[in-house]
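Please examine the structure below with attention to its charged side chains. The explanation that follows leads through several of their pairings in turn.

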Amino acid sequence: MTTADSPAATTTTATTAQDDTRTGDTMDTASDTATAPAAPPARTPAPDGERIRRWRMVLGADSAEATGCTLTGQDAAMDGALDALYGGAGKKPGGRSGGRSAGLGASAPSVARWLGDIRTYFPTSVVQVMQRDAIDRLGLSALLLEPEMLEAVEADVHLVGTLLSLNKAMPETTKETARAVVRKVVEDLEKRLESRTRATLTGALDRSARISRPRHRDIDWDRTIRANLKNYLTLPGADGGPDTGTVVPERLIGYGRASQSVKKDVILCIDQSGSMAASVVYASVFGAVLASMRTLATRLVVFDTAVVDLTDQLDDPVDVLFGTQLGGGTDINRALAYCQSKITRPADTVVVLISDLYEGGIRDEMLKRVAAMKASGVQFVTLLALSDEGAPAYDHEHAAALGALGAPAFACTPDLFPDIMAAAIEKRPLPIPDREAQP
């Protein structure tokens, strides 16, 4: 997908999606012989006029004279929406000269109309990218403080991060609308993530609490059979039938009753600096899901240069998010000191630090705390990001130092997070993605 520096990619994606149904391109699926392998389908070249139209859409309004192509109808409307954001006459908002700039006026009515246009002409994924680019390129954050504007935008994780950064400046008339937008995104994330998270961690908690004298309904039959294969006996068949075999289970292996007590303590320690906005959103949702599981005692701590414990708000992730304050400095050592003071069962505790590791506190003390927690039996996990945004920027020196302590730092997608937590609970090696790329 595109960024603000690459508007042509957005145009190409959107134009190609529509062209597939508009141009009637055909696929040649015939093969020359019955025995030869089928050739890959070949797309019929577009007519010259259609090719020029596509280039005109990609290059923007400035190319109209060079291509000699005049757009009409929906093409012209799409081109206008794109040009308002990515085109312009070489002036930045406010009259400052610069490179490519934008023609989207920074007024609520014009922006609201533009938001409606892009939702008409482009798929949701493209709309979200264009909204993000509009906020970054045109400085439209202030307009998000107006309820009417919030009702017009396409809500996603990145918009939630922007709203949280504006939280302190948000007027009371806008806060309820903002909470409704945030709640919609949070509820969508919970639907996507909750069932798999609960299923994965429930299984991990059960397996981590195996007992040797289980009740019949708690027997782990797979492990019990494998543990007793040496006791396999061959028995004569009944009424002269064929012989049969059986396993005599001398030792039963079972799961612990997950509902009986808290099995593990989990501490989520989240960096709330501005670069971690998406991670804060996902971590808050996961924190609420973990807190809803009776076999886990979950604590959620956010920090910049100060440390705030939001555990008592975990029943509502929206309250957690509005309790954060994105931006400011970073003092990881201070945050870990607080988390360390809350550990009462080291061998049954998982600490998850979510940070890009740009430490503003005392580096050596931070590393000593991590080493001390691991030595006491704590499972320590370091996530450089918890988001779908790809490889994050992070402090490579600090990441390497943590890796040397046996606490490798790596980025994690929301879909992988349940598996990471399950491995930590069971004290298995973490399923680190793309190991060769890790520090």
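**Salt bridges in the predicted model**

D388 counts as partly exposed, at 45% relative accessibility. Side chains of opposite charge can pair when their charged atoms come close. The side chain of D388 meets that of R192 in a salt bridge, with 3.5 Å from N to O. R192 lies in helix α9 (residues 172-207), whereas D388 lies in the loop between β9 (379-386) and α15 (396-404), so the pair ties together parts that are 196 residues apart in sequence. R192 is also partly exposed, at 37% relative accessibility.

A second pair consists of D265 and R345, whose closest N and O atoms are 3.3 Å apart in a salt bridge. Here, too, distant parts of the chain are linked: D265 belongs to strand β5 (residues 264-271), and R345 to the loop between α13 (332-341) and β8 (349-354), 80 residues apart. D265 counts as buried because its relative accessibility is 15%, which is under the cut-off of 20%. R345, at 29%, counts as partly exposed. Both residues also take part in a network of salt bridges that links K264, D265, R345 and D348.

D309 is in strand β7 (residues 307-309) and R299 is in strand β6 (residues 296-303), 10 residues apart. D309 is partly exposed, with a relative accessible area of 24%, and R299 is partly exposed at 25%.

For the model as a whole, the count comes to 14 salt bridges.

Definitions and conventions:
Residues are numbered from 1 along each chain as its sequence is written. This is a predicted model: local features need pLDDT of at least 70, side-chain atom pairs count only at pLDDT 80 or more; totals for chains, interfaces and linings use all residues. Side-chain values use heavy atoms; hydrogens and water are left out. A salt bridge is a side-chain nitrogen of Lys or Arg within 4 Å of a carboxyl oxygen of Asp or Glu. Helices (H or I, at least four residues) and strands (E, at least two) are DSSP runs, numbered from the N terminus. Buried means under 20% relative accessible area, exposed over 50%, partly exposed in between (1.4 Å probe, protein chains only).
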